[in-house]
Amino acid sequence: MQSNILDPTPSRMSDAIPTRPAASQPSADQAAPTRRVALRDSAKAEAGRYRIIEAIRSGQRHEPAVHAELANLTDAETIAKIDDFQLWYGKNQAIHHVNINVARGKVTALIGPSGCGKSTLLRSVNRLNDLIDGVRVAGSITINGRQVFGPGVDVINLRKRVGMVFQKPNPFPMSIFDNVVYRLRIDGERSKSTLEAASEKALRGAALWEEVKDRLKDSAVGLSGGQQQRLCIARAIVADPEMLLLDEPCSALDPIATLRIEELIHEIAERYTVLIVTHNMQQAARVSDYTAFMYLGRLVEFGPTKLIFQSPQLPETEDYVMGRFG
Ligand SMILES: Nc1ncnc2c1ncn2[C@@H]1O[C@H](COP(=O)(O)OP(=O)(O)OP(=O)(O)O)[C@@H](O)[C@H]1O
Ligand SMILES: [Mg+2]
């Protein structure tokens with residue numbers, strides 16, 4: 001375990017979260033006026049300063065700022081390629097010409113204001129948007145070189161290869177054990193010893209084994225929120241997916257449960273590659289290796305998290321991660 005939000009010298013957070021000069025950190029009673037000044041300043045700064053955001057707002061094509069490290073990933077280093085991807089809900093276009101290379105064995109975070117298309121993009125990777133009427137896509141997404149869209153794709157198999165965990169833990173109303181091995185049973189696995197071994201492995205992988213090993217037959221609904229979310233992660237990893245998609249997995253959890261999940265994300269990323277949506281800038285800085293900043297369905301800047309938070313290429317990214325814009 002490398003980083004811990006309770007540790008005063010965590011490797012990734014202290015590296016990634018920019019420290020502001022003391023003078024710019026207001027006391028509680030100064031905070032409101034300071035924030036108003038900051039917003040006024042940022043409104044002034046916005047005019048003419050946000051080159052890409054202005055192009056996006058005026059509907060022009062733009063070149064996002066993609067840092068060289070990501071632009072130069074080799075095929076072996078890339079697990080998923082999102083290539084000129086577009087998506088429409090009926091007539092409304094939610095994703096425009098997005099290119100993102102997801103680095104193998106790393107955590108990539110999607111950030112951006114509400115409605116910018118983060119969940120839509122995430123759900124596209126395992127085709128959960130197929131369940132919504134009127135969805136149309138263009139461009140391509142590949143995982144380990146295999147097309148996600150297109151004729152002949154086995155969507156059930158795709159969702160096994162690409163697990164997903166949602167904002168709100170959603171254990172099935174059955175025992176802890178039955179939840180974890182659900183996917184394997186659907187695939188026809190009936191051997192008790194195989195299911196037991198897989199359940200233990202997945203629960204250990206989700207850092208839940210020690211807490212539940214004596215009550216595997218209890219209802220999953222009786223677990224705490226944080227435990228339920230780790231159970232959902234166990235359920236997602238039991239079939240050994242190639243990738244895990246996490247859509248704001250901590251937003252319904254308290255800080256301690258959030259910490260456990262963040263630690264877990266570090267641990268599982270190497271094996272499962274994680275693409276995570278988060279609204280929490282500190283979380284993005286703590287857990288991710290790479291960060292993609294989106295706005296109105298477009299990619300704005302994509303780079304190593306440390307650079308996105310400490311020295312982004314665009315002023316709009318800097319202002320967004322500092323909470324001054326968006
Ligand atoms: N099922 C749907 N049907 C129609 N439009 C949708 C649907 N889901 C999302 N949208 C639209 O697509 C756009 C992107 O939404 P999305 O939920 O992907 O954003 P988001 O970045 O995840 O936002 P948030 O941070 O609030 O979760 C929004 O304009 C939204 O209204
Ligand atoms: Mg969302």
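Guide: We'll go from the whole chain to the details.

Visitor: What am I looking at, roughly?
Guide: This is a predicted model. The chain has 326 residues, and 40% of them count as buried. Its secondary structure comes to 15 helices and eleven strands.

Visitor: What share of contacts join residues at least 24 apart in sequence?
Guide: 70%, counting contacts between residues at least 6 apart.

Visitor: How many residues are in the largest nonpolar core?
Guide: It has 81. Ala-234 and Val-274 have the most contacts inside it. In soluble globular proteins, nonpolar side chains tend to be buried together.

Visitor: What does Val-274 touch?
Guide: Leave aside its neighbours within four places in sequence. Val-274 then contacts Val-107, Leu-244, Leu-246, Ile-265, Ile-268 and Ala-269. Ile-265, Ile-268 and Ala-269 are also among the buried residues of α12.

Visitor: OK, tell me about α12. How far apart are its ends?
Guide: The end C-alpha atoms of α12 are 24 Å apart. The helix covers residues 255-272, which is 18 residues. At 1.5 Å a residue it should span 26 Å, so the two values agree.

Visitor: Where is the kink in α12 centred?
Guide: On His-266, with a bend of about 30°. His-266 is one of the buried residues of the helix.

Visitor: Which others are buried there?
Guide: Thr-258, Ile-261, Glu-262, Leu-264, Ile-265, Ile-268, Ala-269 and Tyr-272.

Visitor: And what covers them?
Guide: The cover includes strands β4, β8 and β9. It also includes helices α9, α11 and α13.

Visitor: New topic. Which residues are around ligand 1?
Guide: The list is Tyr-89, Ala-94, Gly-112, Ser-114, Gly-115, Cys-116, Gly-117, Lys-118, Ser-119, Thr-120, Ile-132 and His-279.

Visitor: Which helix gives the largest share of that shell?
Guide: Helix α5, residues 118-125, with three residues.

Visitor: How many are nonpolar, polar and charged?
Guide: Four are nonpolar, seven are polar and one is charged.

Visitor: Now the loops. Where is Asn-144?
Guide: In the loop between β5 and β6. Asn-144 has a positive phi of about 50°, although it is not a glycine. It is partly exposed, with 14 other C-beta atoms within 10 Å.

Visitor: And Glu-248, where does that sit?
Guide: In the loop between β8 and α12. Phi of Glu-248 is also positive, near 45°. Glu-248 is partly exposed, with 19 other C-beta atoms within 10 Å. A residue counts as buried at 20 or more.

Visitor: One last stop: what does Phe-172 contact?
Guide: Asn-179, Tyr-182 and Ala-220, leaving aside neighbours within four places in sequence. Phe-172 lies in the loop between β7 and α7. The C-alpha atoms of Phe-172 and Tyr-182 are separated by 9.2 Å. Phe-172 counts as partly exposed, with 14 C-beta neighbours inside 10 Å.

Note on methods
Residues numbered from 1 in each chain as written. Chains lettered and ligands numbered in written order. Predicted model: local features only at pLDDT ≥ 70, side-chain atom pairs only at ≥ 80, totals over all residues. Helix = DSSP H or I, 4+ residues; strand = E, 2+ residues; numbered from the N terminus. Expected span 1.5 Å × (residues − 1). Bend = angle between axes of the 7 residues up to and from the residue. Buried ≥ 20, exposed ≤ 12 C-beta atoms within 10 Å, placed from the backbone. Contact = placed C-beta atoms within 7 Å. Near = placed C-beta within 6 Å. Nonpolar A, V, L, I, M, F, W, Y, C, P; charged D, E, K, R; others polar. Core = buried A, V, L, I, M, F, W, Y, C linked by C-beta atoms within 7 Å.
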